[in-house]
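Visitor: Hi! I have just opened this one and could use a hand finding my way around. Can we chat through it?

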Amino acid sequence: MTIRTARTVATPLKTLTVALLIALSAPAVAQDAQPVPPPKDAATKDTTAQDKAVGLSNVVVTGAATQVSQLDAPFAITTIDRQQYDRAAPTSLVQAIRAVPGYWTEASGGQGGGQNIYVRGLPDGGWYNVQLQQDGLPIFDEPQESFLNIDTLNRTDLTTAGLEVVTGGTSPIYANNAAGGTVNLISRWGTTQPTGALRVTGGSDDLRRLEGYASGPITDKILYSVGGFARDDSGFRNAGYKGDSGSQLRTALSFLFDSGRLDWDARYLNDRTAFYTATPLRDPRHVSQSLSPALDPGDGTILSNSYRQRTLESFDGNGRMGRDSDLANGIHTKMFQTGTYLDLDLGDSGWTLSNKLRYTNAEVDYDTIFSGANPSDSQGYLDSRLAAASRAFPGTTRLGYVDDASGTDVAPVNGLVMESPWWAVRTRVRTVIDDLRLSRTLNTGWGDHDVAVGLYGDDFSFRQSRLSSTLLTTVQNQANALDVLAYNANGAPIGSVTSHGFSRYGSSAVAGDVTGRYLTAYAADTWHITPAFSLDVGVRKTRLLDSGSNDTTSTRNLGDSTTLADDAVMGFTGASTTKSETRDALTWTLGASYKVLDDTELFARFTRSQRLPRLQNIYLLQNLPVTNIKQGEAGIRFGEDTLSFSSIAYWSSYNRVSFSGLVLDPSTQTIVSLPLVGKTRTYGLENSVNWRPSLVFGLAASLTAQDPETLSLSAPGGVDAAAYQGKQLPRIPKWMGSLTPTAYFSLGGVPMEWSVTVFHTASRYVDFANQTSLPGYTTYDSSLLAKLQPNLTVQLSGSNLTNSHGLTEGNPRTDTLAGQGTVEPIYARAIFGRLWQASVTYNW
């Protein structure tokens, strides 16, 4: 059976519960209800638990001009159906794709946004080289702006039928800025008979989640689908307040007619997720001394309810400006999205037409604390501030700490304090995207040609305003914000170095806006020379026309004589600088495939693509170039009833790459941008296997081995570039793999499935000089599923069962160039500790 692509809803949350209750009470239900056949651009194969783990007969649409089976696709593609997704019980979309060959993912930042993906050794994290699509259409063409990873604008729930993940290959032919790959979410659509599911989930960290979907006919020509989720929990790390909370609603209508169909969908998302940054692991004064008793790497965080609400002081024009910020807001996404999807058979001409149109309007608030400089000795910190305090407050004889919340004297835990940037970022995005495609099969005397031509456009506006202030805290779980007071000889306080825990207001201020258009033409042709041998070619030409402004900033003393915290505040003058530019990107690919046997295919491909600069090229007045990327791959794929596997060798060359990151300069307490420019190269081999030798046992595995290295890098300030030549790229492992055995059995007449997933990654480095290493680590996950009734399923899942403290990154705000001065990091972000969840699902 086949399923159409991804859609959404824009009604109050109660609609979900009402719709599902109505569907549950419907008298005409069918366990085998079939969805209406989808158009050619969105198909998945519905499989049973027995046959879904083997074979490659799934029909895929991502990275291809027309539908093609996974076995016949002449590029690397992985499918994850709904059952596989549920068995894995991932904490986020990024974690859901960690077993995809060639993908290295860091899912340690939370549930939505703030995470990183690296594909086949291509540098730059976040989603920089990977495009996220919903039903074949991007949410936004720029997948990685600062404080806006594209997955921030997406949540998965039971309205998602599955995922298709393309690795390299043809990905940049069918999406902008997608050299590394495309993750395409395939949605559920209406069905001719009532069908649906309702799920209740509880688990670690006070997790409570309700989700579901219902679909069916309104008439024989009009079908509906509605669903979504609502959930809250205290967060994967204990901050003392609710970390994640929100809901999503999706609705869709399908209108069927003789020559095709028209689909409409809408979605409203209002969701808050906590963001977690790197934390200190060891005492920088004595690096052998662990800080884990005070700050647990598995579930600890310096985020705290005691100081979660603050006002970040700055100025705008001639007036003082304060931005209220609540850490419980986390990454808060509010988004409305709606679209239409037309598929039309143009009759005797043989052409088919597809047109996808989507409107998105989103607001994303980002309130969190990022990692800053290493912790300091508490007395040393006071000594370093004494001279400035004495000048500001004559008569000062000493400085001392008080707890900001209570005002009482405090001795910092372990004798350590640290400064961290508190960011309050406001982003607004609006896009209108349209993709028009014509396709047909041309019969010639030299074989058949599957051809497609398309026009694509994205009209967008983007506005972002960032404020940051530097917060002084203790180094412990649920840290305390500290104030530093100046005392006279009588022991009376006469001034304050800090203000409400901030050692400096306005450590950074950035704002700007961009409006523009992506205009694209693309074409593809697959030439079936013989039934076994095919050649294909694709080309995509994109022009980005954008213009905008950067709000001018300056530094001022806000004039509060009782504190030093407002003596050097960055803010906005009221003036702005405008910029506009036109950039072009050309992508082309050439591939070949040969079917050795009905169940075995060989394929090879070369792709040359270009990555357009991010929008901050305009609103930050940068001048970053278009990045040239070359990739090659050659592989074999095999699939039959009980066994399927693929093995693909690949190569990538990343030229004119530019790295930049936000760095806290400890000497000035100013956040600055640190650029690196150069080239990289990666050779690798990715493998996957699915084996079902019997009805009682199955095995899935993946293994990626690669050598990601720098060819040439240059850094500012006269840094010797030789230190960065031929080094392993930061944060990218040389090999990683997963192994999932599954047992199928019956207990007391109840069908059961028990699976265990072992995931391992090799060591990585935090820096380009390969001075500080992130050790390799192994995690163990498990899932037990019981089918109590044909329509009632219970599942118990656990992740990181051994409570591994694997590290995914160092402190990228400070260690990008030469590490942390230690072999292993003293400041890093660990994976989440042991988590579990239990769910009950009722299907109809």
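Visitor: How much space lies in the largest cavity?

Guide: About 250 Å³. A cavity here is a set of points on a 1 Å grid over the protein atoms alone where a 1.4 Å probe fits but cannot get out. Its volume is the space filled by probe spheres set on the points, with points joined across faces, edges and corners. Before we go on: this is a predicted model, where local features need pLDDT of at least 70 and side-chain atom pairs count only at pLDDT 80 or more, while totals for chains, interfaces and linings use all residues. Residues are numbered from 1 along each chain as its sequence is written, and side-chain values use heavy atoms, with hydrogens and water left out.

Visitor: How many cavities of 30 Å³ or more does a search of the whole structure find?

Guide: The search finds ten.

Visitor: Back to the largest cavity, then. Which residues lie nearest its centre?

Guide: Gln 95, Arg 98, Ala 107, Ile 831 and Phe 832 do, out of 19 residues in the lining. A lining residue has an atom within 4 Å of a cavity point.

Visitor: How do the lining residues divide into nonpolar, polar and charged?

Guide: Seven are nonpolar, nine polar and three charged. Ala, Val, Leu, Ile, Met, Phe, Trp, Tyr, Cys and Pro count as nonpolar, Asp, Glu, Lys and Arg as charged, and the others, Gly among them, as polar. Strand 4 (103–106) and strand 42 (777–789) each supply at least two residues of that lining. Strands (E, at least two residues) and helices (H or I, at least four) are DSSP runs numbered from the N terminus.

Visitor: Which strand does strand 42 pair with over ten bridges?

Guide: Strand 39, in the antiparallel sense. Two strands pair if DSSP finds at least two bridges between them. His 760 stands opposite Thr 778 in strand 42. Strand 39 (residues 750–761) also pairs antiparallel with strand 38 over ten bridges, and Tyr 744 has Glu 753 in strand 39 as its bridge partner.

Visitor: What do strand 38 and strand 39 form?

Guide: A hairpin with two residues between them, and Gly 748 in the turn has a positive phi of about 60 degrees.

Visitor: Which residue other than glycine has a positive phi?

Guide: Arg 731 is one of them, with phi near 70 degrees. Arg 731 sits in the loop between strand 37 (697–714) and strand 38 (735–747). Asp 205 has a positive phi too, about 60 degrees, although not a glycine; its place is the loop between strand 12 (195–203) and strand 13 (207–217). For background, most residues other than glycine have a negative phi.

Visitor: Is Arg 731 buried or exposed?

Guide: Arg 731 counts as buried, at 12% relative accessibility. Asp 205 is partly exposed, with a relative accessible area of 25%. Buried means under 20%, exposed over 50%, and partly exposed in between, using a 1.4 Å probe and protein chains only.

Visitor: New topic: how many bridges pair strand 26 and strand 27?

Guide: There are 28, in the antiparallel sense, and strand 27 covers residues 447–474. The two strands form a hairpin with two residues between them. Trp 422 has Ser 469 in strand 27 as its bridge partner. Strand 26 (residues 416–444) is also joined by 18 bridges to strand 23 (residues 352–369), running antiparallel; there Lys 356 stands opposite Asp 435.

Visitor: And the aromatic pairs, how many does the count come to?

Guide: The count comes to 22. One of them is Phe 502 with Tyr 505, which is tilted: 5.3 Å centre to centre, 45 degrees between the planes. Rings of Phe, Tyr and Trp (its six-membered ring) pair if their centres lie within 6.5 Å; planes under 30 degrees apart count as stacked, over 60 as edge-to-face and the rest as tilted. Phe 502 and Tyr 505 are both buried. Elsewhere, ring pairs link Phe 147, Phe 275, Tyr 366, Phe 370 and Trp 423 into a cluster.

Visitor: Which ring does the charged end of Arg 611 sit over?

Guide: The ring of Tyr 128, at 3.9 Å from its centre. Arg 308 lies over the face of Tyr 241, 5.7 Å from the ring centre. The rule asks for NZ of Lys or CZ of Arg within 6 Å of the ring centre and within 35 degrees of the ring normal.

Definitions and conventions:
1 Å grid on protein atoms, 1.4 Å probe; cavity = no way out; pocket = protein on both sides within 12 Å on 5 of 7 lines; lining within 4 Å.
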